[in-house]
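I opened my notebook to jot down what I could look up in this one. Here are my entries, in the order I made them.

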Amino acid sequence: MRTWVRNTPAAVYLLVALAFIYLPVVVLVLFSFQDGPLPVPPFNGPSLHWYEKMFGNERLIESLINSVVVAILSAVVTTFLGFLAAYGMARRTPRFAGSIRFSLMAPLTVSYLIIGIGLLITLNIVGISKSLFAVGIGHVVINLPLCFAIIYSQFGDHTRNIDDAARDLGASDFQTLLHVIAHVMKPSLFASFCLSATLSWDEFIIAFLLSRFDVTLPVIIFEMLRSGLTPEVNAAGTLVFAISVTTVIVAAITVSALTSGRK
Amino acid sequence: MLAKAKLTKRKTFEFTRWAVHPALIFTFLFFVLPLLAMLIVSFWQRIGGKLTATWTFANYNKFFSKDYLVEALVNSVEVTLTATVISVLIAYPLAYILAYRVPVRWQRFVLIFTILPFWTAYVVRSYSWLLVISENGIINVILTSLGLIDQPLEMAYSRGATVLGFVHFFTMLMTLTIYANLVQIKPSYRKAAADLGASPLQIFLRITLPLSIPGVAVGAFITFVIAIGDYINPQILGGGNEVLIPQAIILQVSRAANFPMASVMSVMLMVVVIVVYFISAKHLKMERV
C-alpha cells in the first residue's frame with residue numbers, strides 16, 4: 001500500500017507525459033481514415049478513401065521509390081565506410097587517432113541545413129546540377145558519424161583476438177575483414193544499416209535543397225502541406241511513420257536475436 | 001617466429017591506415033570542403049546573377065545593418081533556448097521515473113514505447129500538432145463542446161506553437177540521453193548516502209543530480225543544434241509573424257538564389273552553435289552517454 005501511494009505521482013506523471021507524446025501521432029493516424037475533406041473533428045469513418053487517393057498519386061509513388069532507393073544505397077555506402085573506419089581505428093590505434101575521431105564525428109555538430117547549403121553552393125561552383133545522387137551523398141555525410149560510432153563501440157578485445165587468430169591461420173587482410181570480422185560484427189553492421197536507412201528515408205532539408213525534378217517522399221509531402229490541411233497528408237505521414245517504425249522494430253529484434261545466439 | 005610476428009604487425013599497421021582513409025576522404029570532400037566553400041562565398045557577391053569573387057565584408061555589413069536579419073537570429077536563439085529549457089524540465093522527471101520507479105524488467109519496453117513517436121515522419125510532425133491546436137482542431141472542439149470556451153483559442157501560428165512542436169520532439173530525445181545517464185549511476189552511491197543519514201531530497205540534490213548533468217548537457221546540446229537549424233517546424237507552426245534564421249536562409253536560396261547572403265546567415269548560425277558548444281563543453285562527454 002505504501003509503495004502504491006509513493007508511486008502514484010510517478011505513474012500519473014508517466015501517463016500524462018505519454019499522452020502528450022502520443023497526442024499528435026494518434027490524431028495523425030486517426031484522421032488518415034477520415035471520411036470527408038478535413039482531417040479535424042468530427043471523425044466520420046473509418047474510410048480508406050485517402051489511402052486510395054494517395055496510392056493513385058503517381059508523383060507520390062515515384063518519390064516513394066526514389067526515397068527507398070536513396071535510403072538503401074546511402075545506407076550501404078555509410079555502413080561500408082563506417083565499418084572500414086571503425087576497423088582501422090580499433091585494430092591498432094593509428095597516429096592522430098584523436099583528430100581522426102574528431103573529424104569523423106564533426107558533422108554531428110553542424111545543422112543539416114548548413115551541410116545542405118554547403119553542398120548546394122559547392123555544386124553551384126563546380127557546375128554540377130542538383131540530383132538524387134547529390135541527396136544520397138548528403139545523407140552519407142550526415143549518417144556516417146552515427147554509423148561509425150555504433151560500429152566502433154562494438155569493437156573490443158575479442159575482435160582483436162579473432163583478427164589475430166585469422167591472420168595466424170594464414171588469412172589475408174581482405175579475407176580476415178570480409179569473412180571473419182564482418183561476420184563477427186554482423187549485428188552492429190545491420191543496426192547501422194537500418195538506422196542510416198531510416199534517417200535517410202525521413203530526411204527533408206538536404207533532399208529539398210539538393211534535388212530537382214526527381215524528389216524524395218518527404219519533399220512531396222512538404223509540397224502537399226502547402227495546400228492546407230488534407231487527410232491525404234495524414235495518410236502519407238502514417239505510411240512514412242509505419243515504414244520507419246517497422247524498420248526500427250525489425251532491426252531491434254534481428255540485432256537482439258543475432259547477439260543472443262552468440263552467447 | 002619473431003620475424004613472422006614482426007611482419008604481421010607491419011602489415012596490419014599499413015592496412016589499418018588504409019582502412020580509415022575512405023571515410024576521412026569522404027568527410028573531407030563532402031563536409032569540410034563544402035563548409036569552406038560556404039565560408040568563402042560569404043565574402044563574394046552576386047553580380048548580374050553570377051557569383052563573383054569580390055572578397056568583401058559587404059554581405060556581413062548588410063546582415064548587421066538589416067534589423068530583420070539580426071532579429072531572425074535573435075528570435076532563433078530565444079525560441080531554441082526556451083524549447084531546450086522546457087524540454088529538460090519535462091524530460092528529466094520522465095527519465096527519472098523510468099530509471100528508478102518503473103520495475104527493471106519493464107524499463108526497456110516503457111522506454112521504447114516512450115520514444116517510439118520519435119520516428120513519426122519528420123515533415124508531418126509539426127503538421128500533426130496543427131491538427132491538434134488549430135482553430136477547428138481537436139483541443140478547441142473538445143473545450144467548446146464542454147462549454148469551457150465560447151471562442152476557439154488562437155494557439156496555432158505563433159511562437160508558442162513553434163516551441164510546442166520542438167518541446168514534443170526533444171522531450172523524447174532528452175528522456176533517452178538522461179535515462180542512459182541515470183541507469184549508469186551506481187545504486188551503491190545512493191545507498192551509502194542513505195546509510196550516512198541523507199534524506200531522499202539530499203541524495204537527489206547532492207548525488208543523483210550532479211552525476212546526471214552529462215546526460216542533460218549532451219541532450220540539451222543536441223537539441224540546441226538540431227532545433228536552431230530546423231526549417232520545417234517554425235515554417236509550419238510559427239505562422240508569418242516572425243521569421244527564424246533557417247527560414248531566412250531558405251528564402252535567400254529559393255527566392256533570390258542569393259548564395260552569398262545565405263552563406264553569411266549560415267556562418268552566423270554556426271558561430272552561435274560553436275559559442276554554445278564552448279559554454280557547455282566541460283559537461284559534454286559524448287562517450288558517457
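How many helices and strands does chain A have? I counted 12 helices and zero strands in chain A, where helices (H or I, at least four residues) and strands (E, at least two) are DSSP runs, numbered from the N terminus.

A note on ground rules: this is a predicted model, in which local features need pLDDT of at least 70 and side-chain atom pairs count only at pLDDT 80 or more, while totals for chains, interfaces and linings use all residues. Residues are numbered from 1 along each chain as its sequence is written, and chains are lettered from A and ligands numbered from 1 in the order in which they are written.

**Chain A overall**

I looked up the extent of chain A, and its C-alpha trace spans about 70 × 70 × 30 Å along the principal axes. Of its 263 residues, 46% are buried. Here, buried asks for 20 or more other C-beta atoms within 10 Å of a residue's own, exposed for 12 or fewer, and partly exposed is in between, with C-beta atoms placed from the backbone. I then checked contacts, meaning two residues whose C-beta atoms, placed from the backbone, lie within 7 Å. Among the contacts in chain A with a separation of 6 or more, 74% join residues 24 or more positions apart.

**Where the chains meet**

Chain B puts 66 residues into the contact and chain A puts in 69. On the chain B side, helix α1 (residues 2-41) supplies the largest share, 22 residues. I sorted the chain B side by class and got 49 nonpolar, 14 polar and three charged residues. The classes are nonpolar for Ala, Val, Leu, Ile, Met, Phe, Trp, Tyr, Cys and Pro, charged for Asp, Glu, Lys and Arg, and polar for the others, Gly among them.

**The nonpolar core**

The largest nonpolar core has 160 residues, and A:Ala86, A:Ile117, A:Ile221 and B:Met265 touch the most other members. Such a core is a set of buried Ala, Val, Leu, Ile, Met, Phe, Trp, Tyr and Cys residues joined through C-beta atoms within 7 Å. Helix α3 (residues 67-100) of chain B gives the most to this core, 15 residues. I followed up A:Ile117: leaving out residues up to four places away in sequence, its partners include A:Leu209, B:Met38 and B:Ile249.

**Helix α7 of chain B**

The axes of α3(B) and α7(B) (residues 159-182) come within 6 Å and cross at roughly 40°; axes are lines fitted to C-alpha atoms, for helices over the stretch in contact, and angles run from 0 to 180 degrees between N-to-C directions. That makes α3(B) oblique to α7(B). Their contact has 20 nonpolar, five polar and one charged residue.

How do α7(B) and α9(B) run relative to each other, roughly parallel or roughly antiparallel? Their axes come within 8 Å and cross at roughly 150°, so α7(B) and α9(B) are roughly antiparallel. The cut-offs are under 35 degrees for roughly parallel, over 145 for roughly antiparallel, 65 to 115 for roughly perpendicular, and oblique for the rest. By class, this contact has 12 nonpolar, six polar and no charged residues.

**Two residues I checked**

B:Ala161 lies in helix α7 of chain B, and B:Ala161 counts as buried because 24 other C-beta atoms are within 10 Å. B:Leu251 sits in helix α11 (residues 245-254) of chain B, and B:Leu251 is partly exposed because it has 16 C-beta neighbours inside 10 Å.
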